[in-house]
Amino acid sequence: MGKLLTGRRLTGELTYPLLAVMAAFLIGGVVVLLIGENPLTVYWLLLTSAFGLYDALGNFTWDNWGYTLFYATPLIFTGLAVALAFQCGLLNIGAEGQLYVAAFAAAWVGFTLTGLPGVVLTVLAILAAMLAGGLWGALPGWLKARFGAHEVINTIMLNFVAIGLVSYLTQNYFKVPSDPIMQTGLIAEKAALPRLAVLLAPLGIDFPGRIPLNFTFILALLAAFLVWFFLRRTSWGYELRAAGANPAAAEYAGISVRRQIILAMAISGALAGLVGVNEVLGYRYRYYHDFSPGYGFAGIAVALLGRNHPFGVVLAALLFGALNRGGLFVDIFTDRVSKDLVQVLQAIIILFVAIEIFFRRGVVTLRQLLPGRTTAPPELEGPGRTTS
Amino acid sequence: MNESTADIFNLTLIASTLRLATPLILAALGGLYAERSGVINIALEGMMLAGAFTAATMTALTGNPWVGLLAAILSGMLVGLIHAAATVTWRADQVVSGTAINLLFLGVPALLSGALFGSTGATPQLTRDQVLPDLTIFNPANSPTLASIFNQKPLVYLAFILVALTGYVLARTRFGLRIRAVGENPEAADTAGIVVGRIRYAAVLISGALAALGGAYLSIGQNSLFTRNMTAGRGFIALAALIFGKWNPTGTLLACLFFGLAEAVSIRMQGTVSIPNQFIQMIPYLLTMVVLAGFIRRSAPPRALGVAYIKE
């Protein structure tokens, strides 16, 4: 891959994701119409409540962008997790379980090792989240490397095991007895990550403190850069991708594919685990059971839409974050359309991204219809997933 | 301890095992058709949700559970059609398509139920005579507990009949042979004149219909309404049973009965014995992982599973 994406290549990379999103919105629009609302009104509401800089009274507001970025943060992590595993030819459907054990681990450090200084405690909690998520990811990696057991099935199964396990621990050992809610006690205040309001105040930016966007968002952008650097600029990343692109050739070149599989799943799990940092250290300051509305599964959509490229993942997560933010307003301000529209849109986007070949055939047909041009059909690219 | 053990393990446990295993059997059989034809179906959960929602909705609108049941089957076939079109015609990654379908049917029922009934959480409560009736096939006068085993929803018996039928179809019919052929070696099947895509479409449509029946059993059999995410992972347990049962009908049936038994025991043990509920619920998932790794007895999938067939 070249130093930077050339204009032509970038257009190619963006065409099919954009077509997929447009097709999904078109179908979503028809559904909204059938339900009996005006799709344009609904989509305008989605757009303005996600990205608008002015509220209904015409006053400047950070709320929309603030919450959109807050909702995008966990999706950047799970999107990166899925994308990185995919670069090694693996499909990690287990980000959901990985982020649950990670959030619990972060909370455990936060409310147990309270004697440590603030910074140390915070760093330890973050490492605990990455370690827990990483181990939970490495397990199906090892099962695949050692026994050839399919990672898709094992990661699905481990999601249920993870949620059962943390539910058991919370219920029996870490719940405040008088609390009717399934959650642990609060972490030490000094372990918490600062909200963006605190970080932006010295710059003279008056960002409202009620918006839960926090330091984890910056970590997410940093993670995206580091994943890109790792995959594209280091020999470890090259070996990982080589193992995914052509396992036989990689093995011949002296790369241990088995090691790469375990490594990829471990890093993937650690990335998913950072969702727990956003949730526990940046938002709720405790482990709250059932906190994830399916971040792990949305991560699959984000990775696909971002074409498994770290920067694409950030853009796709921004879109999904915006949908989640806007969905709340659709729920409130329309009579018949609920925020579930967003879930439906996201699912249709994945379907359309997955059937890219459908659009490719369409584009080829279009090109052939244009006079004086004959274009060979573009080749499908990207690493193929290994099947056991 | 002995007394509580006796409370848990008695004849009515068999009846509740059958009830709890039924949706698993139907969905797992659905998975079996798709996967034996070479198409991974992790969309069982979404197909069940589609069936459960459609059954409850159509029953609520018409007052007739049989109309609901028929509509559920059609809805399942429609979802199957989406999965087949995506994976067979447009060669989408089968796991990704399945994941998308699962997400889709977390959202669609809520969206439609909100628009139709003004509640995104549940469809209207059905009356006693609107849900599927019980069917008594054996009624010994002297033992009411024994009678309870043979007084079930029609879908419970149907599930067992379908296991036998599936075994027969796969082993003895031309259609079954073709399903196995395209699942094991599509190139050879193609050479022999079998249209691989057509067989896979048929198998995935049957898959959707059966999984939707399993879902319908939950909403208009066991319960009397659809609630958000009411399958609660049963589609994945069915998938686990399919793997645990080595992709064959009898093995799958036994796995479903075992997982149904585990669920029945876990419901009864709530608050009585010291084994935490969460651990009993993990049994199907852990066993599947153990079997996949070959610790107990190796379970190998159909050879062409997950591979789109491209005609030369």
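Among contacts in chain A between residues at least 6 apart in sequence, 73% join residues at least 24 apart. Two residues are in contact if their C-beta atoms, placed from the backbone, lie within 7 Å. The model is predicted: local features need pLDDT of at least 70, side-chain atom pairs count only at pLDDT 80 or more, and totals for chains, interfaces and linings use all residues. Residues are numbered from 1 along each chain as its sequence is written, while chains are lettered from A and ligands numbered from 1 in the order in which they are written.

The predictor assigns the complex an ipTM of 0.89 and a pTM of 0.90. For chain B, the average pLDDT is 90, and 94% of the residues score at least 70. Here pLDDT is the predictor's confidence in each residue, from 0 to 100.

Chain A holds 15 helices and 0 strands. Helices (H or I, at least four residues) and strands (E, at least two) are DSSP runs, numbered from the N terminus. The radius of gyration of chain A is 22 Å, close to the 21 Å that the globule rule gives for 388 residues, so chain A is as compact as a globular protein of that length. That radius is taken over C-alpha atoms, and the globule rule is 2.2 Å times the number of residues to the power 0.38. The C-alpha trace of chain A spans about 75 × 65 × 40 Å along its principal axes. Of the 388 residues in chain A, 52% count as buried. A residue is buried if 20 or more other C-beta atoms lie within 10 Å of its own, exposed if 12 or fewer, and partly exposed in between, with C-beta atoms placed from the backbone.

Two helix pairs in chain A were examined. Two packed helices are described by the angle between their axes and the distance between the axes. Axes are lines fitted to C-alpha atoms, for helices over the stretch in contact, and angles run from 0 to 180 degrees between N-to-C directions. Helix H3 (residues 63–87) of chain A packs with helix H11 (residues 257–284) of chain A at about 175°, the axes being 8 Å apart. H3(A) and H11(A) are therefore roughly antiparallel. Angles under 35 degrees count as roughly parallel, over 145 as roughly antiparallel, 65 to 115 as roughly perpendicular and the rest as oblique. Residues of H3(A) in this contact include Phe77(A) and Leu84(A), and those of H11(A) include Met265(A) and Leu271(A). By class, the contact of H3(A) with H11(A) has 13 nonpolar, 4 polar and no charged residues. Ala, Val, Leu, Ile, Met, Phe, Trp, Tyr, Cys and Pro count as nonpolar, Asp, Glu, Lys and Arg as charged, and the others, Gly among them, as polar.

The second pair joins helix H8 (residues 215–233) of chain A and helix H13 (residues 310–333) of chain A, at an angle of about 150° and with axes 8 Å apart. That makes H8(A) roughly antiparallel to H13(A). Leu221(A), Ala224(A), Val227(A) and Trp228(A) of H8(A) meet Pro310(A), Phe311(A), Val313(A) and Val314(A) of H13(A). This contact of H8(A) with H13(A) has 8 nonpolar, no polar and no charged residues.

H12(A) is mostly covered, with 11 of its 11 residues buried. Among them are Tyr295(A), Phe297(A) and Leu305(A). Just after H12(A), Arg307(A) takes a positive phi of about 55°.

At the interface, 38 residues of chain A are in contact with 38 residues of chain B. Helices H5 (118–147), H6 (151–174), H12 (295–305), H14 (340–354) and H15 (356–369) of chain A each give two or more residues to the side that touches chain B. H6(A) gives the most, with 11 residues. By class, this side of chain A has 26 nonpolar, 9 polar and 3 charged residues.

In chain B, Ala211(B) lies in helix H10 (residues 196–222). Ala211(B) counts as buried, with 38 C-beta neighbours inside 10 Å. Beyond its neighbours within four places in sequence, Ala211(B) has contacts including Leu26(B), Met47(B) and Gly235(B). Leu74(B) lies in helix H4 (residues 65–89) of chain B. Leu74(B) is partly exposed, with 17 other C-beta atoms within 10 Å.

Most residues other than glycine have a negative phi. Asn229(B), however, has a positive phi near 50°. Asn229(B) sits in the loop between H10 and helix H11 (234–244) of chain B. Trp247(B) also has a positive phi, near 60°, and lies in the loop between H11 and helix H12 (249–269) of chain B. Asn229(B) is partly exposed, with 14 other C-beta atoms within 10 Å, whereas Trp247(B) is buried, with 21.
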